[in-house]
Amino acid sequence: NYVIEAKRDEYQNLARNCQRFESSLLIDQVAAELVNDFNILTVHDSIIGPAEHADRVEQTIKDRFATRGVNVTVKGTKNQLQPEDAHNWRLGRGIEF
């Protein structure tokens, strides 16, 4: 199984591989698509952008991860450190492979 193989030589390999997978999809695919239409900022496992684009951001995240066989939970919250119209979308802990 993948988990056992990924941890065979170094247990940290699994976490690193998951982080690379997530960042590749979130930055190289989701952010790359959205940045052409409106301003966004990526921070670790989140995208910060205008609240009026909430539905599009959430659907784009779900669609890109689904193409790799991963169902994700997306949590949208108002970010207190941003202007009133900013929104922060984070990947939830409900990631399923």
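**Contacts, confidence and a ring pair**

Visitor: What share of the contacts with a separation of 6 or more comes from residues 24 or more positions apart?
Guide: Contact means heavy atoms within 4.5 Å. In the protein, among contacts with a separation of 6 or more, residues 24 or more positions apart account for 46%.

Visitor: Which element has the lowest mean pLDDT?
Guide: This is a predicted model, in which local features need pLDDT of at least 70 and side-chain atom pairs count only at pLDDT 80 or more, while totals for chains, interfaces and linings use all residues. Residues are numbered from 1 along each chain as its sequence is written, and side-chain values use heavy atoms, with hydrogens and water left out. The pLDDT, the predictor's confidence in each residue from 0 to 100, averages 77 over the protein. Among the elements, which are DSSP runs numbered from the N terminus (helices H or I, at least four residues; strands E, at least two), α3 has the highest mean, 89, and the lowest, 56, belongs to strand β4.

Visitor: In what pattern do the helices and strands follow one another along the sequence?
Guide: The secondary structure comes to three helices and four strands. Read along the sequence, their pattern is α-α-β-β-α-β-β.

Visitor: How far apart are the end C-alpha atoms of helix α2?
Guide: The expected span of a helix is 1.5 Å times one less than its number of residues. Helix α2 has 23 residues (12–34) and should therefore span 33 Å, which agrees with the distance between its end C-alpha atoms, 32 Å.

Visitor: Against which elements do the buried residues of α2 pack?
Guide: Buried means under 20% relative accessible area, exposed over 50% and partly exposed in between, with a 1.4 Å probe and protein chains only. In α2, the residues Leu14, Leu25, Leu26, Val30, Ala31 and Leu34 are buried. The buried residues of this helix pack against α1 (2–7), β1 (41–43), β2 (46–50) and α3 (54–66).

Visitor: How is the one aromatic pair arranged, stacked or edge-to-face?
Guide: Rings of Phe, Tyr and Trp (its six-membered ring) pair if their centres lie within 6.5 Å, and planes under 30 degrees apart count as stacked, over 60 as edge-to-face and the rest as tilted. The structure holds one aromatic pair. The rings of Phe21 and Phe65 have centres 6.2 Å apart and planes at 85 degrees, so the pair is edge-to-face.

Visitor: Is Thr60 buried or exposed?
Guide: Thr60 is found in helix α3 and, leaving aside neighbours within four places in sequence, is in contact with Val30, Glu33 and Leu34. Because its relative accessibility is 6%, Thr60 counts as buried.
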